[in-house]
Amino acid sequence: MKYDWQWSVFLQMASDGSGTWLHYLFVGLLWTLATALAAWVIALTIGATVGTLRTTPIRWVVRLGNAYVEIFRNVPLLVQMFLWFFVMPELLPARLGDAIKQMPPPWGSYVPAVLCLGIYTSVRVAEQIRAGIQSLPRGQHMAGTALGLTLPQTYRYVLLPMAFRIILPPLTSEFLNVIKNSSVALTIGLLELTGRARAMQELTFKVFEAFAAATVLYLLTNLIIVLLMRVLERRLRVPGFIGSAPQGTAGH
Amino acid sequence: MIEFKKVSKWYGSFQVLKDCSTYVDKGQVVVVCGPSGSGKSTLIKCVNGLEPFQEGDVIVNSESVGRAGANLNRLRAKIGMVFQHFELFPHMSVIQNLNLAQTKVLGRSREEATEKSTALLKRVGLQAHAQKFPGQLSGGQQQRVAIARGLAMDPIAMLFDEPTSALDPEMINEVLDVMVELAHEGMTMMVVSHEMGFARKVAHRVIFMDQGEIVEDASKDEFFGSPRSERAQVFLSKILHH
Amino acid sequence: MFSGYDFDVIRRSLPYLFREGMTFTVTLTLMAMTGGIIFGTLLAMMRLSRFKVLGLVAGGYVNLMRSIPLVLVIFWFFFLVPYIGAWIIGADQPVAVGAFLSCVITFTMFEAAYYSEIMRAGIQSIPRGQVAAGQALGLNYWQSMGYIVLPQAFRNMLPVLLTQTIILFQDTSLVYVISVTDFLGAAAKIANRDYRLVEMYTFVAVVYFIICFSLSYLVKILQRRIAIVR
C-alpha cells in the first residue's frame, strides 16, 4: 500500500485563481489569525470583567457571573456556532436580522464566528482570572483596604496587576485554544486554515499534502506565539516573586 | 549477614557516603545515629538497593547488592523495611496492605496471607483495625501496621529508617515496644534512630555517622561508656541532656 | 415572538434524535473515554520512564495532538485510517472503515493526549516514599504501578478525568464535519429537511446544557467528597 506524495501541488494554481495552493492556505492562516485575534479581544474584555466580578463580595453579582459561565461552558462550541449563525439573526428584530443575513461573504460567517469564539473563550478567561485573584494571599486585599483604597481601587492597583502576571501562562494556552477553536468556524462557511485545507483536499485529491501543510502552519504559529509570550512573561516578571500559576487541568 | 564494603555515594559532586564499612551479624541489633544530613538514612537504604551507590558493595546473605543485574526484587522480598513516614498504601485497608506483597511477590494464597496477616496484627495489638484504612489510624498505629507489613514477608532482617521521628511523643513508646520485643526474639535489625533509650536496652552495637562517614562503630557499652571521637561525645551530650 | 415557530417538530423527531443520534454520541464518548484513558496512561508512564527515548516519543505525540485543532485531527484520521487499515492487513487499496470505528479511533487518539497530561500530574502527585515502600516489599515496576501508584493517581485525578470526559462528550459533536449522524447531526438533518433550524438548534443546546451541567454538578460533589476523605 503506497500513497503517491506530490508536494509540487502547492506550486500549482489554486482553483479560485488567486494564486498558488500555498498562497491559498496562507490566506487561510491569515483568516484564522484575524478571527482568533478579534475573538481574543472580546474574550479578554468580557472575561476579565466577569472573572473579577465573581470574586467580589456582592452576592447577586457573583451569581450572575456564575450563570454566565455555566451557560457558555456546558454547550458544545459547534452548537454555539450554529446558534450565533442560524438562530441569532432570527431572534433579532427583522430588519437587523436581515441585515446580518445579507452581509457579503466572508463577513456573514466572520462576524458570528468572532462573537461565538469570543464569548466561548471569555468564560474560560473568566475562570482563569477568578482563580488568579483567589490565589493571591488574602492579606493583599486587606492591606489595600487598610490603606484606604476603595474596592475598585484595590482591584485596579493591587489585585489585578498581580493576578494577570500569575495567569499569563494559562492565558497563553487559552489564546492558543482560540486559534485551534477557530477551525470550528468552517462549519458556518468561514474559509480559515482548516477549511481551506479541506477545500484544497476536495479540489486536488491531495489529501495528506493539504493536511500536512495545515498541520505545519498550526505548529509554526503555536511556536511563534509561545516564544513571544515567553518574552512578555520575562518582561513583566516581578523580582523576587515566584509565580505559581493556578493549574488549569482539564480542557483543550 | 549484612556487610558494607567501602560504600561511597555521590549526588552529583556532593559525596553523601564516604568509604563506609560495617556489618550486621545474624541476630544482632545495630543502631545507627548521627546528626541530620549525616547520611545514615542513605546508608540503610543501600542494604536493599533503594539508594544506588557508585563505589564499594553491600553483601546481604552472601549476595551482592551493587553488582549489575542483581535481583533486587528477590532480595527486597527477604528484607523488611519500615519508613519514617510509614508509607502505608492509603487506598488499601490495613489487611490489604499486609496481604499485597505476600500474594503478589511470595505467591501465597489469599487465605494463607490473611491468616498470616491476622496473626501479625494481633501481635502488634491491632487485630480490631484490620478493615480500617490507614488514614483512620493514629501515627503510632500506622507505624505498627507498617512493621507488621514488613514481618509478613518472613524477613531474614528488618531495616528501620527513623521509625519514630515522625510520631507525636506519646506514640513513640507503643512503636518502640514492638521493636524491643522483636529484638528479644532474635530478629536481625538495623535501626536508624535517635532513641538512645532503645539503643541502651537492645542494641548490640551503635554506629555514629557524621558528614557521610562512619565515625564510631562500637559495642553498646563502649559507645555509651566512653565514646572515642569528640564528635560522638558532642552529639551524645546534645541529645541526652536537653 | 414565537408565533412563526413550530416546536412540535421536536416532539415528532424525539425518537430519531435520541435513539439514533444520542446513542451514537454516548457510545462514542464512552468508548473514546475508555480507550483514551488507557492509552493516555501509557503515554504518561512513557513520559515519566527512565528511558529518554520513550519520553521523547510520548512527549512529541502529546504536544503534536495538543497543538492542532480537533477538526483537523478528525479530517486526518478520517482519511488516514483506511490507509492504516490497508497497511495492517496488507491490502493495496485503502480499506473502507465504518464512520463509527473511524470516530472511535480519532477521539481515542486525540483525547489520550489530554488524559495523559492529567494522569502524568496524578502519578507525580504520589509521594516517592510510596514507590520506595512498594520496592522494599519486593514489588517489581509493573506491580508497583498497578497496585500502588496508578490506583491512587486515578483516584486523586478522578474529578479531573471526569471533567475531561464531559469536554469529550461536547467535542464529539464535531463529527458533524465528516457528516456522521450523532445527536447534533441528527438534529441538523431534521432542521434542514423541515427548515426548522431555530427550533432544532435551540433544543440541541438545551439538551447539551442540561446533561453537561448536571454532570459537572455531580463531579463537584465527588470532588468535595474526595477532598474530605484525604
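A contact here means that the C-beta atoms of two residues, placed from the backbone, lie within 7 Å. Please keep in mind that this is a predicted model, where local features need pLDDT of at least 70, side-chain atom pairs count only at pLDDT 80 or more, and totals for chains, interfaces and linings use all residues. Residues are numbered from 1 along each chain as its sequence is written, while chains are lettered from A and ligands numbered from 1 in the order in which they are written.

So, what meets what? On one side we have 37 residues of chain C, and they are in contact with 32 residues of chain A. On chain C, helices 3 (70–89), 4 (99–124), 6 (141–171) and 8 (197–229) each give at least two residues to that side. Helix 8 of chain C provides the largest share, 11 residues. By type, the chain C side has 29 nonpolar residues, 7 polar and 1 charged. Nonpolar covers Ala, Val, Leu, Ile, Met, Phe, Trp, Tyr, Cys and Pro; charged covers Asp, Glu, Lys and Arg; the others, Gly among them, are polar.

And chain B? No contact links chain B to chain A, and their closest C-alpha atoms are 23 Å apart.

Now chain A itself. Chain A has 10 helices and 0 strands, where helices (H or I, at least four residues) and strands (E, at least two) are DSSP runs numbered from the N terminus. The C-alpha trace of chain A spans about 70 × 50 × 30 Å along its principal axes.
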